[in-house]
Amino acid sequence: MSLLLERLWQGLLDTLLMVGVSSLLALLAGIPLAVFLVTSSKGGIFEAPRLNEVLGAIVNLFRSIPFLILMVALIPFTRLVVGTTYGVWAAVVPLTIAATPFFARIAEVSLREVDHGLIEAAQAMGCRRWHIVWHVLLPEALPGIVGGFTITLVTMINSSAMAGAIGAGGLGDLAYRYGYQRFDSQVMLTVIVALVVLVSLIQFSGDRLAKRLNHRT
């Protein structure tokens, strides 16, 4: 039992490391990407329709590829970036690349829901375009962005479990090697419970934070 708990603890730490680093990178890349997709569209404050279409097509391309296929296709790039295709850090690369366009599209929806009248009022007061982004768009869309990031985190946990099953470590690796291959139902059940608890905590925390940030409720 102590050995199982030790393995479970290590698998949980590996999963948190994978998801934590990947989600941070996806957050840092996804928000600017979402802002650009919104502001560069037709009628946007940085209108550039052609560039918007190209970038939108790239985002849609990566969103349409199943994670398992994307992870395999990125093996040469992953080896180039982290020097290996096995382990926790090797999983960070495909997780980040898969999560960034997913989160960017969710954040884009939240940004587009901002009342256009607020943007027009800011323009009428002489605000610069970047000031509008920082002081109007992002603050107004923040609750939706937090909610979208919560959904992204949950999706990344699911993907990390899939990555773990093919050598990335974490809870998925524990479930596959000790639960599935060795037909140990206790290990499998323990991993499932751990994943359910982890996802529930993240969803609960994200919902509470989004509700607190929403000044309209």
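**Figure 1. N52 is a buried residue, with a relative accessible area of 14%.** Buried means under 20% relative accessible area, exposed means over 50%, and partly exposed lies in between, for a 1.4 Å probe and protein chains only. The model is predicted: local features need pLDDT of at least 70, side-chain atom pairs count only at pLDDT 80 or more, and totals for chains, interfaces and linings use all residues. Residues are numbered from 1 along each chain as its sequence is written, and side-chain values use heavy atoms, with hydrogens and water left out. N52 belongs to helix α2, residues 49-64. Helices (H or I, at least four residues) and strands (E, at least two) are DSSP runs, numbered from the N terminus. A polar atom of the N52 side chain lies 2.7 Å from the backbone oxygen of L37. Apart from neighbours within four places in sequence, N52 is in contact (heavy atoms within 4.5 Å) with F36, L37, S40 and S41.

**Figure 2. Helix α5 covers residues 88-112.** How far apart are the end C-alpha atoms of helix α5? They are 35 Å apart, which agrees with the 36 Å that 25 residues should span at 1.5 Å a residue. The expected span is 1.5 Å times one less than the number of residues. Helix α5 is mostly covered, since 18 of its 25 residues are buried.

**Figure 3. T150 sits in helix α7, residues 129-168.** Is T150 buried or exposed? T150 counts as buried because its relative accessibility is 4%. When neighbours within four places in sequence are left aside, T150 is in contact with I202, Q203 and G206.

**Figure 4. The whole chain has 9 helices and 0 strands.** Its pattern along the sequence is α-α-α-α-α-α-α-α-α. The C-alpha trace spans about 65 × 40 × 25 Å along its principal axes. Of the 217 residues of the chain, 42% count as buried. Among contacts between residues at least 6 apart in sequence, 71% join residues at least 24 apart.

**Figure 5. The surface of the chain exposes about 12200 Å².** Carbon and sulfur atoms supply 66% of this area, which comes from the Shrake-Rupley method with a 1.4 Å probe. The chain has 15 positive and 12 negative side chains. Lys and Arg count as positive and Asp and Glu as negative, while His and the chain ends are not counted. The centres of the two sets lie 3 Å apart, with each charge placed at NZ of Lys, CZ of Arg, CG of Asp or CD of Glu.

Notes. A polar contact is a pair of N or O atoms within 3.5 Å; within protein, one must be able to donate a hydrogen and the other to accept it, and residues adjacent in sequence count only if both atoms are side-chain atoms.
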